[in-house]
Amino acid sequence: MTAPCPLVVVPHEARAAALEGGAEAGRVLLGLHPEETPDEVVDFAFEAADRRGVPLEAVTALRLPPQPGALLAAPSPALQVPPPLPLADDGAELVREAEREQEERLRPFAARWPGVGLVPVVAPGDAAGRLVEGSRDAGLLVVGRHHRHHLGSLLIGSVAHAVLHHAHCPVAVVPAASSGAGAGPGA
């Protein structure tokens, strides 16, 4: 993908629905990594939601470390095993931290686009899977594209690659204008 501007890919099923007078425009879905998603991607998503008059759902997915004992085989039913001890709630703390990072990242954009209903979502799991599933009732899915590689090739990440192949709605892949990603609007 070498386009210097946002590229929108419309899957076949979405084209067919549009031709049949299909579903009304759903929400805009943004795949957001608070530390890595460039401003241009976030701004594109807010503007698209504003123009369509629909909410913007910003999805941040995070992989949680496995809980202790999660990889152990189930004990034999013949053994008398005491009830499991409560596990440390490290996962909940990681989710709360991701929610704080997401809120800080989106705050300047929400202030600039006050008419956009923002639905922040932070959930454990696979980002690509969550976005593909969310695309079932979305009108547009927005993801970013990696910066130029040192050899001059343009790369898309695994999440963008997966949603381009599996999303149920149009997907906008937005390049960063510069290497200064994540600095906030107007910075």
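Modeller: The questions below concern a predicted model.

Colleague: Why is Thr37 called buried?

Modeller: Buried means under 20% relative accessible area. Thr37 has 7% relative accessibility, so Thr37 counts as buried. Thr37 belongs to the loop between strand 2 (27-31) and helix 2 (39-52).

Colleague: What makes the pair of His33 and Thr37 a polar contact?

Modeller: The cut-off for a pair of N or O atoms is within 3.5 Å. A polar atom of the Thr37 side chain lies 2.8 Å from the backbone nitrogen of His33, and the pair therefore falls within that cut-off.

Colleague: Which residues lie nearest the centre of the largest pocket?

Modeller: They are Leu32, His33, Glu36, Thr37 and Val159, from a lining of 31 residues. Among the elements that give two or more residues to this lining are strand 3 (56-62), helix 3 (90-112) and helix 5 (158-166). The volume of the pocket is about 760 Å³.

Colleague: How does the lining divide into nonpolar, polar and charged residues?

Modeller: The lining of the largest pocket holds 14 nonpolar, 10 polar and seven charged residues.

Colleague: What pattern does the protein follow along the sequence?

Modeller: The pattern is β-α-β-α-β-α-β-α-β-α-β, with five helices and six strands in the protein.

Colleague: What share of the protein counts as buried?

Modeller: Of its 187 residues, 34% count as buried. The accessible surface is about 11,200 Å², and carbon and sulfur atoms account for 58% of that area.

Notes: Residues are numbered from 1 along each chain as its sequence is written. This is a predicted model: local features need pLDDT of at least 70, side-chain atom pairs count only at pLDDT 80 or more; totals for chains, interfaces and linings use all residues. Side-chain values use heavy atoms; hydrogens and water are left out. On a 1 Å grid over the protein atoms alone, a cavity is a set of points where a 1.4 Å probe fits but cannot get out, and a pocket is an open set with protein on both sides within 12 Å along at least five of seven lines; lining residues have an atom within 4 Å of a point. Grid points are joined across faces, edges and corners, and a volume is the space filled by probe spheres set on the points. Helices (H or I, at least four residues) and strands (E, at least two) are DSSP runs, numbered from the N terminus. Ala, Val, Leu, Ile, Met, Phe, Trp, Tyr, Cys and Pro count as nonpolar, Asp, Glu, Lys and Arg as charged, and the others, Gly among them, as polar. Buried means under 20% relative accessible area, exposed over 50%, partly exposed in between (1.4 Å probe, protein chains only). Accessible areas come from the Shrake-Rupley method with a 1.4 Å probe; for residues, only the protein chains shown count as cover. A polar contact is a pair of N or O atoms within 3.5 Å; within protein, one must be able to donate a hydrogen and the other to accept it, and residues adjacent in sequence count only if both atoms are side-chain atoms.
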